Amino acid sequence: MPKKKSPAQLQREIDEALTSKPAKRLTSLSDNPAKWAAMTDNWSAEQRKTKKTSNFKKYVLHWYPIDQDTWQMWATLGDEVVASLFYGKNSPADVTLEGAIEVHPEHRRKGLATAMYSWAEKLSGMKMAPAAQHTKDAAAFWTSYRNK
Ligand SMILES: CC(C)(COP(=O)(O)OP(=O)(O)OC[C@H]1O[C@@H](n2cnc3c(N)ncnc32)[C@H](O)[C@@H]1OP(=O)(O)O)[C@@H](O)C(=O)NCCC(=O)NCCS
């Protein structure tokens, strides 16, 4: 099980990332270790909502509805949150789903986003569609995902 980092260690990592050379700088909030620590802290309250789980490699995916047209999925490794997908229909008439996904920087390029989108599609019977505007990472991910 991954060892929980102390607040002091997290602060050191954030300071280092914020002041280091451009190549190592945080490029988005999803890269911020404090964000992932906060998500993991909230996870103990959230996990009782879980309606379905699925295993993917060493990760566990957790799913629950927020309302009729909106759902939340988490990925955990041990008791750490490593990915979050909030997704839904833009309107009740929509036949596609749009998602806001973030994967922990240390767990990217391991197939997590692909596994979460695929499971979301399987559960709803609808296809995920790219947002009108997205990040550089999301554009690269979609180039791969739309060819699956
Ligand atoms: C976009 C993001 C969610 C992708 O998650 P992921 O779990 O790393 O994606 P996957 O491992 O399923 O990627 C599948 C394929 O997509 C492509 N891909 C994904 N991210 C890529 C990147 N940054 N650069 C190039 N190709 C990429 C690759 O072909 C990859 O397969 P490969 O690793 O075998 O080459 C992740 O990079 C992330 O959280 N980024 C920061 C937050 C963000 O931008 N979110 C999207 C806005 S909603």
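**Ground rules.** I take helices (H or I, at least four residues) and strands (E, at least two) as DSSP runs, numbered from the N terminus. The model is a predicted one, where local features need pLDDT of at least 70 and side-chain atom pairs count only at pLDDT 80 or more, while totals for chains, interfaces and linings use all residues. Residues are numbered from 1 along each chain as its sequence is written.

**Entry 1: the parts.** I looked up the elements and found four helices and six strands in the protein chain. Read from the N terminus, the order is α-α-β-β-β-β-β-α-β-α. I call two residues in contact if their C-beta atoms, placed from the backbone, lie within 7 Å. Among contacts in the protein chain with a separation of 6 or more, 40% are between residues 24 or more positions apart.

**Entry 2: the sheet.** In what order do the six strands form the open sheet? I read S1-S2-S3-S4-S5-S6, with mixed pairing; two strands pair if DSSP finds at least two bridges between them. Strand S1 (52–56) and strand S6 (127–128) are at the edges with a single partner strand each, so one side of each has no neighbour in the sheet.

I then followed the sheet from S1. S1 and S2 are antiparallel and share five bridges, with Asn55 opposite Val60 in S2. Next, S2 and S3 run antiparallel, joined by seven bridges, and here His62 faces Trp74 in S3. Two residues lie between S2 and S3 in their hairpin. Further on, strand S4 (residues 80–88) and strand S5 (residues 96–103) are antiparallel too, and six bridges join them. Tyr87 has Gly99 in S5 as its bridge partner.

**Entry 3: helices on the sheet.** For angles I use axes that are lines fitted to C-alpha atoms, for helices over the stretch in contact, and the angles run from 0 to 180 degrees between N-to-C directions. Helix H2 (residues 33–46) lies across strand S3 (70–77) and S4, at about 85° to S4. Helix H3 (residues 112–124) packs on the sheet too, touching S1, strand S2 (59–67), S3, S4, S5 and S6. The direction of H3 makes about 150° with that of S5.

**Entry 4: what is buried.** My rule is that a residue is buried if 20 or more other C-beta atoms lie within 10 Å of its own, exposed if 12 or fewer, and partly exposed in between, with C-beta atoms placed from the backbone. By that count, 20% of the 148 residues of the protein chain are buried.

Which residues have the most contacts inside the largest nonpolar core? They are Ala75, Ala83, Met116 and Ala120, in a core of 23 residues. Such a core is a set of buried Ala, Val, Leu, Ile, Met, Phe, Trp, Tyr and Cys residues joined through C-beta atoms within 7 Å. H2, S2, S3, S4, S5 and H3 each give at least two residues to this core. In soluble globular proteins, nonpolar side chains tend to be buried together. I also checked Ala83 on its own: leaving aside neighbours within four places in sequence, its contacts include Trp74, Ala75, Leu112 and Met116.

**Entry 5: Gly88.** Not counting residues up to four places away in sequence, Gly88 touches Asp69, Thr70, Trp71 and Leu97. Gly88 and Ile66 are 22 residues apart in sequence, and their C-alpha atoms are 9.5 Å apart.

**Entry 6: two positive phi values.** Lys57 is not a glycine, yet has a positive phi of about 50°. Lys57 is in the turn of the hairpin of S1 and S2, which has two residues between the strands. Lys57 is exposed because 12 C-beta neighbours lie inside 10 Å.

Arg109, in the loop between S5 and H3, is not a glycine either and has a positive phi of about 60°. With 10 other C-beta atoms within 10 Å, Arg109 is exposed.

**Entry 7: around the ligand.** Last, I looked at the shell around the ligand. Arg108, Ala113, Thr135, Ala140 and Ser144 come nearest of the 20 residues there; a residue is near if its C-beta atom, placed from the backbone, lies within 6 Å of the molecule. S5, H3 and helix H4 (136–145) each supply at least two residues of this shell, and H4 gives the most, with five. By kind, the shell has eight nonpolar, seven polar and five charged residues. Here Ala, Val, Leu, Ile, Met, Phe, Trp, Tyr, Cys and Pro count as nonpolar, Asp, Glu, Lys and Arg as charged, and the others, Gly among them, as polar.
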